[in-house]
Amino acid sequence: MNTFLQLVVNGLGKGAVFALLALGFVIIFKATEVVNFAHGSLVLFGGYLVVVTRDALGWVGASLAGIVSAGLLGLLVERLLLSRSRHADANSLALLTIGVDVIVTEEIVRRLGVTLPFLGGAWDAKPFQLGGITLFRTHLVALGVAAVLITAFWLAFKYSNWGVAMRAQAENREAAALMGIRSSRVTATAWLVAGLLAGVAVLFIATQDFSGAGLSRGTHSIALAAFPAAILGGLDSTAGAVVGGLVVGLVEALSAQYVSFDFSKSAVFLVMLVVLVVRPSGLFGTRERTRV
């Protein structure tokens with residue numbers, strides 16, 4: 001029983017990070033109906049800025065620099081590329097994000113070389129016992145940070161002018177424009193927020209407790225595991241992104257322990273496929289057909 005409880009707690013910690021990433025996918029999709037395949041590169045970019053600035057700024061300052069830089073890169077991609085291709089269909093824009101992802105990822109991997117730096121703060125690699133259960137501080141901190149950020153996002157999404165504008169645009173873009181809502185501003189903010197969330201997530205991904213590996217191409221692969229979480233929950237549902245992220249974290253943790261580590265990576269996609277067969281729009285999605 002202790003092992004099971006330990007897996008659940010640590011799985012929820014991992015799931016909280018996946019929830020932040022999945023929320024980034026959903027925010028962009030709701031604002032633009034485009035699937036952002038460059039999300040993994042935003043994660044890598046934020047982590048790389050932490051690595052190159054932490055000697056000068058310290059861990060806290062470098063982390064803030066990494067978070068902000070990931071957000072600004074997302075904004076830059078939207079302003080310089082996507083906004084100039086606004087008349088292209090969603091599939092073409094999704095392919096454009098793949099190109100961005102390849103360019104940014106390969107350049108960062110080249111700059112990192114053979115170094116695999118860890119980004120964890122004072123909490124990394126310091127497990128502790130609680131009632132016979134071994135808990136990892138990174139997972140607990142991730143749960144707390146994710147809870148705060150998701151709550152803040154929910155309040156902004158529900159009550160702020162930006163949140164109202166995004167919900168209106170997601171419901172009916174043409175009607176929202178007629179009501180005076182500036183689509184470009186909503187879209188730009190969505191990319192900025194998604195980038196900021198990616199910058200936060202990498203601080204937990206490139207740690208010994210979460211992945212056992214430092215910042216590398218593997219970090220990019222882990223970040224893309226949030227895509228099944230977004231699909232599972234429903235690409236047009238912010239609540240679904242959170243639930244999907246937690247489900248992915250739990251499935252990975254439990255299947256790695258009770259089946260095999262290699263199978264745990266496939267198990268996430270297996271659960272996603274089963275859910276989509278039963279409910280094509282995802283657990284909380286409202287659209288019958290998700291456009292990719």
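Is M1 buried or exposed? M1 counts as exposed because its relative accessibility is 72%; the cut-offs are under 20% relative accessible area for buried, over 50% for exposed, and in between for partly exposed, with a 1.4 Å probe and protein chains only. This residue is found in the segment before α1.

The structure is a predicted model, in which local features need pLDDT of at least 70 and side-chain atom pairs count only at pLDDT 80 or more, while totals for chains, interfaces and linings use all residues. Residues are numbered from 1 along each chain as its sequence is written, and side-chain values use heavy atoms, with hydrogens and water left out.

## Overall architecture

The protein contains eleven helices and two strands. Helices (H or I, at least four residues) and strands (E, at least two) are DSSP runs, numbered from the N terminus. In order from the N terminus, the elements run α-α-α-β-β-α-α-α-α-α-α-α-α. The radius of gyration is 19 Å, close to the 19 Å given by the globule rule for 292 residues, so the protein is as compact as a globular protein of that length. This radius is taken over C-alpha atoms, and the rule is 2.2 Å times the number of residues to the power 0.38. Along the principal axes, the C-alpha atoms fill a box of roughly 60 × 50 × 35 Å.

Of the 292 residues, 49% count as buried. Contact means heavy atoms within 4.5 Å. Among contacts with a separation of 6 or more, 76% are between residues 24 or more positions apart. The protein exposes about 13300 Å², of which carbon and sulfur atoms supply 66%; accessible areas come from the Shrake-Rupley method with a 1.4 Å probe, and for residues only the protein chains shown count as cover.

## The nonpolar surface patch

M1 also belongs to a nonpolar surface patch of about 1000 Å², made together with F4, L5, Y258, V259, F263, L270, V274, V277 and V278. The elements that give two or more residues to this patch are α1 (2–32) and α11 (261–278). Helix α11 gives the most, with five residues. Patches are made of residues with over 30% relative accessible area and no salt bridge, joining like charges within 9 Å and nonpolar side chains (Val, Leu, Ile, Met, Phe, Trp, Tyr) within 5 Å. A salt bridge is a side-chain nitrogen of Lys or Arg within 4 Å of a carboxyl oxygen of Asp or Glu.

## Helix α5

In helix α5 (residues 161–171), the buried residues are W162, G163, A165, M166, Q169 and A170. Seen down the helix axis, these buried residues fall within an arc of 160°, so they line one face of α5; the arc is that of the directions from the axis to the C-beta atoms. The face turned away from the buried side carries the exposed residues N161 and E171. The cover over the buried residues of α5 includes α1, α4 (137–159), α6 (173–178) and α7 (183–205).

## Individual residues

| Residue | Relative accessibility | Class |
|---|---|---|
| L75 | 24% | partly exposed |
| S255 | 9% | buried |
| E33 | 24% | partly exposed |

L75 lies in helix α2 (residues 39–82). Not counting residues up to four places away in sequence, L75 touches A188 and W191. S255 lies in helix α10 (residues 238–258). Leaving aside neighbours within four places in sequence, S255 is in contact with S260, F263, S264 and A267. E33 lies in the loop between α1 and α2, and its phi is near 60°, a positive value in a residue other than glycine.
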